[in-house]
Amino acid sequence: MLLDLMLGSLLLLSALLSLHSRNSLKSGIFFVVFGLLSGLLWVRLEAPDVAMVEIVLGSAVTSLLIFKLIATARIKAVKVHRIRKFWAGVISLAFLVYMIPYLLTLRKEQRIEVLVFEKLSMSGVESPVTAVLLNFRGYDTLLEVGVITLAVFGIIALNKGDKVYVWRDPLVQSLSRWILPMTVFFSFYVTYLGTFSVGGAFQGGSLLAGGLIFLSLTGQDVHIGESIKKSLLLLSLLVFCGVGLMYAVTGYGFLVYPLPLSTISIILIELSICLSTALLLYTAYRGKV
Amino acid sequence: MSLDLGYLVAFPILGGLLSLIGRLRLYAVFVFGLLSCFLSFYAFLLSLKHGKPLYQWVGGWIPPLGIGLRLDGLSGFFLMFTAVVFVGVGVYSLGFFKSAYKEREEFFWFFFFFLWAGLNAFFLSEDLFNLYVSLEVLSLTAGVLVALPGHKKAVRASLNYLLLSLFASLLYLFGVAIIYASYGSLSMHMLAKSFSEGGEFLYSLLPLIVSLSIKSALFPFHFWLPPAHSSTIAPASALLSSLVVKPPAYLLLRVWIEVFPKDKSLEYVSWVLGLLGALAIFFGSYYAIRQKTIKMLLAYSTVAQMGYLFLIVPLYYKAQYAEMRTTVIEGFTMQAFSHALAKASMFLASGNAIYVSKRDDISYMPGFAHSHPFTFFALFFSGATLVGLPLSGGFFAKFLLIKASFEVSMLFQGVVLLLGSLLAALYVYPIWRESLSFQPEKIYHLPIPRLMEVSAFALGFVAFSSGLVAGFLLQALSGV
Amino acid sequence: MISFYYILSFILVAVSVYHFIAAESPFKRLIAVNILGSAVFLFFLTTSKNTPSQNPDPVPHALVLTGIVVAVSATAVGIALILSLSKREKDES
């Protein structure tokens with residue numbers, strides 16, 4: 001109880017500090033703190049899978065991008081008119097007042113989770129979150145993979161490769177090289193864990209992305225051919241669409257996994273997501289393929 | 001014969017992926033473009049044949065556990081004209097990239113097909129969270145398309161658009177979260193039953209309606225549209241203005257007719273939307289008349305034309321008889337359809353104008369009537385459709401809506417509809433005047449690539465002549 | 001206890017909405033949007049915990065996971081755009 005109150009108030013405090021700071025570096029740092037505290041709060045809410053994704057992807061990778069921005073560009077702040085602040089205050093206060101009565105209507109009730117646990121044995125995996133993510137609501141995940149692929153190609157289409165902040169310290173450079181194999185192994189392990197415990201493709205993929213971004217931060221690059229990199233970027237979307245279409249064409253239905261093949265289909269898709277997400281986020285950080 | 005609806009989403013995505021491979025690009029574009037068009041038309045014909053909506057549970061899991069796809073008259077119609085616009089813009093782009101922006105072509109087709117897939121996914125989906133992801137697909141693809149030219153104006157417009165769009169999407173998600181917390185389901189047909197029991201849905205109403213209004217550029221949230229649609233290349237502007245603004249309005253209609261119950265409070269909300277729609281028509285047209293550049297004029301025209309879709313919300317609410325309800329939905333659909341085709345045609349034609357004269361100003365617009373008849377007629381037909389001249393799809397749409405508004409004695413709607421046509425004529429006229437000009441310095445003899453001319457003309461022609469086949473097309477909506 | 005989390009998410013939404021409208025730079029807007037996202041996710045996860053049974057509801061977990069990935073993708077594009085804009089402004093000056 002006390003822990004919740006503390007976490008909650010620290011969360012609010014870090015959000016306020018992040019939003020209020022004039023200095024963008026301070027905003028960024030408080031944003032990292034906010035992300036980590038969010039993750040902790042979500043663990044407290046019994047959502048460890050999501051907490052992992054938030055801490056690695058939402059907090060760490062986003063912060064890497066933010067700090068790259070702060071280090072590379074000069075962020076111009078414009079003066080905000082007082083009338084705009086007034087209306088902003090009115091709107092947010094009105095929203096708060098509007099929503100408070102809603103709390104009275106909320107009750108403990110059973111939603112869809114009964115159905116999930118009922119059909120879990122038919123999904124091919126033991127983890128309920130993975131079952132929902134890659135089987136029951138796999139279509140959402142397909143579109144999500146599409147979103148991240150599109151975003152990264154948008155970034156590639158945009159940039160002409162400008163000068164980015166680089167940390168050229170030989171010690172850190174070798175450290176990043178040494179850590180990478182361990183990160184690869186660990187990220188595949190996390191992906192594998194997702195089928196029966198806490199973990200999953202996105203968690204593993206973002207971990208690997210972290211290792212790769214560390215490499216890029218020190219000015220190095222992964223030595224894979226450009227065409228291999230490009231095909232890895234597209235891999236998850238291709239595999240996911242391909243699997244869905246394959247089952248559609250053979251008569252089962254779009255993204256309908258036949259029971260004996262569901263585990264292997266999910267593992268195949270998860271592996272491709274892990275690899276692709278890692279390279280996608282890495283490319284997003286670098287700005288070019 | 002049935003159709004697996006997943007094909008409508010997966011095949012465009014596949015086409016987009018294959019188009020990234022340099023050697024396969026033209027083949028992929030051709031094959032998957034035709035395939036996606038065929039699939040959309042097949043889906044439309046299926047919806048015409050079946051009186052009732054066709055449901056498909058993706059993955060084989062029934063909602064609320066799984067995600068439902070729904071093909072009925074309304075979604076089939078939207079799928080169909082999405083395909084028409086994409087084919088037209090696709091043909092145009094084949095010619096466009098031969099002449100300029102060669103380095104951008106590498107990624108354009110991926111965004112093109114992905115946008116198509118996202119639109120198909122949106123129109124077919126009946127799961128609220130799936131709609132959120134589809135909305136994000138559309139917003140991000142649109143944002144990336146706006147930034148495609150790479151110059152400062154485009155990048156700034158894209159950034160503002162993206163931030164606002166992201167904000168609106170998260171508001172939408174918040175509304176969905178409230179719905180899930182209160183009702184335990186995300187499936188629209190299931191929620192329809194649950195909503196008729198409780199009054200708690202009102203809390204989700206505000207985030208949903210505000211977010212969808214922001215995304216479809218309803219007044220006063222329209223300010224992102226003109227810079228975004230005018231800063232990018234012509235084919236992208238065409239896709240954005242004709243198609244990307246429609247899904248949020250479509251969703252609002254869907255949610256309104258399928259999910260929300262008949263509640264008194266909704267009537268007040270519907271009048272707020274109706275009023276904002278009228279303001280959108282007036283202010284959009286006023287700013288369009290005042291513009292000096294073609295693309296900005298067309299962008300403000302989109303703001304105005306989208307206003308029609310919101311103006312008629314109280315009409316839907318007031319319509320008592322099922323027959324009148326169908327008329328309003330038919331009017332909505334015809335308006336969306338004819339605006340999409342006409343606006344795409346106009347943007348493509350404006351691309352031709354810029355190609356020939358190298359300038360965006362209306363006063364520098366070439367005298368197409370004398371040098372490039374195809375482009376001139378593209379402008380003529382599409383402009384006539386926007387104004388609502390008889391025989392065009394636009395006329396049919398406005399006729400249906402005016403008829404509906406007088407039948408339920410909502411004179412306000414009828415008057416605004418008529419005034420809107422007059423205002424549209426005021427901003428279409430300068431374009432016609434310039435393109436009919438005899439001044440020798442405005443007549444360019446530079447030949448425009450065939451593909452660019454013919455596609456612009458074809459879209460405009462279809463928009464104009466659709467009034468003739470409107471009866472046939474609209475019978476798809478009788479079951480909605 | 002659950003109500004505390006709900007109230008927290010509402011406050012976070014209100015604060016981020018305020019800062020989104022009254023932001024002094026696109027960067028600040030981006031941070032506000034991300035915090036708004038986390039607030040909505042917090043609401044979802046609190047709902048997930050708000051069940052009579054022992055296990056939390058896994059559906060919001062999957063939805064929030066998807067939401068995080070989408071939000072990060074959009075943020076990445078936003079950051080690339082801000083970088084591009086600042087580069088162009090530097091080139092001009």
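Helices here are DSSP runs of H or I with at least four residues, strands are runs of E with at least two, and both are numbered from the N terminus. Read that way, chain A runs α-α-α-α-α-α-α-α-α-α-α-α along its sequence, which comes to 12 helices and zero strands.

A quick word on what is being looked at: this is a predicted model, in which local features need pLDDT of at least 70 and side-chain atom pairs count only at pLDDT 80 or more, while totals for chains, interfaces and linings use all residues. Residues are numbered from 1 along each chain as its sequence is written, and chains are lettered from A and ligands numbered from 1 in the order in which they are written.

The C-alpha trace of chain A spans about 65 × 55 × 35 Å along its principal axes. A residue counts as buried with 20 or more other C-beta atoms within 10 Å of its own, as exposed with 12 or fewer, and as partly exposed in between, with C-beta atoms placed from the backbone. On that basis, 49% of the 289 residues of chain A are buried. Contacts are scored between residues whose C-beta atoms, again placed from the backbone, lie within 7 Å. Among the contacts in chain A with a separation of 6 or more, 72% join residues 24 or more positions apart.

Leu235(A) gives a close-up. It sits in helix α11 (residues 226-249) of chain A and counts as buried because it has 22 C-beta neighbours inside 10 Å. Leaving aside residues up to four places away in sequence, Leu235(A) touches Ser272(A), Leu275(A) and Ser276(A). The C-alpha atoms of Leu235(A) and Leu275(A) are 8.0 Å apart, although 40 residues separate the two along the chain.

Turning to the partner chain, 73 residues of chain A are in contact with 61 residues of chain C. On the chain A side, α1 (2-20), α2 (24-44), α3 (48-72), α4 (82-99), α6 (113-119), α7 (128-136) and α8 (138-158) each supply at least two residues. The largest share, 12 residues, comes from α3(A).

Over in chain B, helix α12 (residues 264-290) has 27 residues and should span 39 Å at 1.5 Å a residue, the expected span being 1.5 Å times one less than the number of residues. The end C-alpha atoms of α12(B) are 40 Å apart, which agrees. Its buried residues include Leu273(B), Leu276(B), Gly277(B), Ala280(B), Ile281(B) and Gly284(B). An α-helix has 3.6 residues a turn, so residues three or four places apart point the same way. The cover over the buried residues of α12(B) includes α13 (294-311), α14 (313-318) and α19 (411-435) of chain B.

Key:
Two residues are in contact if their C-beta atoms, placed from the backbone, lie within 7 Å.
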